[in-house]
Amino acid sequence: MNSRVNGATSRTVVLTAGGTGGHLFPAIALGAALLERGYRVRLYTDYRGADYAKRTPGIEAHIVPAASPFRGGAIGKIAFLFIMARSALAVSRLLRRHNPAAVVGFGGYAAFPATFMAARQRRPIVLHEQNGYLGLANRKIAKAASAIALSFPAVEAMPQTGARTVETGNPVRPEINALHGRPYRPPDPGGPFHLFVMGGSQGATVFSHVLPGAMAALDPAERARLRVTQQCRPEDIEPVRIVYRDAGIAADLASFFENIPEHLSAAHLMICRAGASTCAEALVAGVPAIYVPYPAAADDHQTFNARHIERAGAGWMMPQPAFTPAAIAEKFSRFLKNPQPLIAAAQAAAGIGRPDAADRLADLVAGVAEGRPAA
């Protein structure tokens, strides 16, 4: 690898993120973009995040202790403080050894010790917020940041800070980026209607309970048009399959789908939660979606994500109490009769999707790492 690319002189950038995909996917995407520019990239994360790093050669992962402050009652809080103190000490040593030109925090409990100690050591900090509501780890360090990258035009709970804010978008996987710009093909009159339902472990249960009954309530001619691809928890697959089968609805059910880009490309409509990565992928792919925010999400951040998308005309938010079989059946019946709202939402989604998010974020980080003045 050339040691000098776009002004980089083998500088080190530290990325730090919690171990969930929502935090790690954008971190790894940024890491790949920085590697292409000649930076050394190190990732500070928990043991879960270290597995993600293995997928991108060149990113060196360092495991730091992490814990949630909201588990285990009083004993859990004492354990949390002890673990975070150990983590801060370990991270302090790593930062002095690696001497990064910038530290980039993506949120999550595992990210806080690195950004906190970077602030103590007066190192340049960039924060990336994936959601429409600034997460706790990022809120705690925002005032020490040089720059804050946003995934939405406006983010709630942003403290007063001198940091530069830039809407970079939320980086997604390259195979999802490849879908950007493809034409949305609405369902033909009387032709198949492809519905993609993606829920994950926290979302699939409500979809399994509501959607089969909603689809079964449609007219026989409408049911015959449906082609449902739905993620379900393993224990829900057979009951859901029976309802769809008895209603004469073609359905492909699984607890996990490998070929997400293929399903997004085929979908006329997606129903999903409103996690940051899911939202970013649907927007980049230009897929209209019904977003059902997970009501127990921290700070209700999924509602803020879905609200931004709905305001942009790129989808529809349905709070979980309103996500009923009758409401969904009525909405579907309208879409089947008139696909124009789907076409408009698809165009709006593609318009606000950010396929260049990783490069935009890399530009911001490089500017901070190299001490360039804000543009």
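Arg241 has a relative accessible area of 35% and is therefore partly exposed, where buried means under 20%, exposed over 50% and partly exposed in between (1.4 Å probe, protein chains only). The model is a predicted one, in which local features need pLDDT of at least 70 and side-chain atom pairs count only at pLDDT 80 or more, whereas totals for chains, interfaces and linings use all residues. Residues are numbered from 1 along each chain as its sequence is written, and side-chain values use heavy atoms, with hydrogens and water left out.

**Salt bridges**

Arg241 pairs with Glu238, which is likewise partly exposed, at 44%. Both residues lie in helix α9 (residues 237-246), 3 residues apart, about one turn of the helix. Helices (H or I, at least four residues) and strands (E, at least two) are DSSP runs, numbered from the N terminus. A salt bridge requires a side-chain nitrogen of Lys or Arg within 4 Å of a carboxyl oxygen of Asp or Glu; the count is 13.

Asp299 belongs to the loop between β14 (289-291) and α12 (301-311) and Arg139 to helix α5 (residues 136-141), so their bridge ties together parts that are 160 residues apart in sequence. Arg354, in the loop between α14 and α15 (357-369), and Glu167, in strand β9 (residues 164-167), are 187 residues apart.

**The parallel sheet**

An open sheet of 6 strands runs in the order β12-β11-β10-β13-β14-β15, with parallel pairing; strands pair if DSSP finds at least two bridges between them. β12 and β15 (315-317) stand at the edges with a single partner strand each, so one side of each is left without a neighbour in the sheet. Between β10 and β13 (residues 269-272) there are 4 bridges, and Leu195 has Leu269 as its bridge partner.

**Aromatic pairs**

Rings of Phe, Tyr and Trp (its six-membered ring) pair if their centres lie within 6.5 Å; planes under 30 degrees apart are stacked, over 60 edge-to-face and the rest tilted. The model has 6 aromatic pairs. In one of them, the ring centres of Phe196 and Phe257 are 6.2 Å apart and the planes lie at 70°, so the pair is edge-to-face. Phe196 lies in strand β10 (residues 193-198) and Phe257 in the loop between β12 (250-254) and α10 (260-266). Phe196 is buried at 1% relative accessibility, and Phe257 is buried at 9%.
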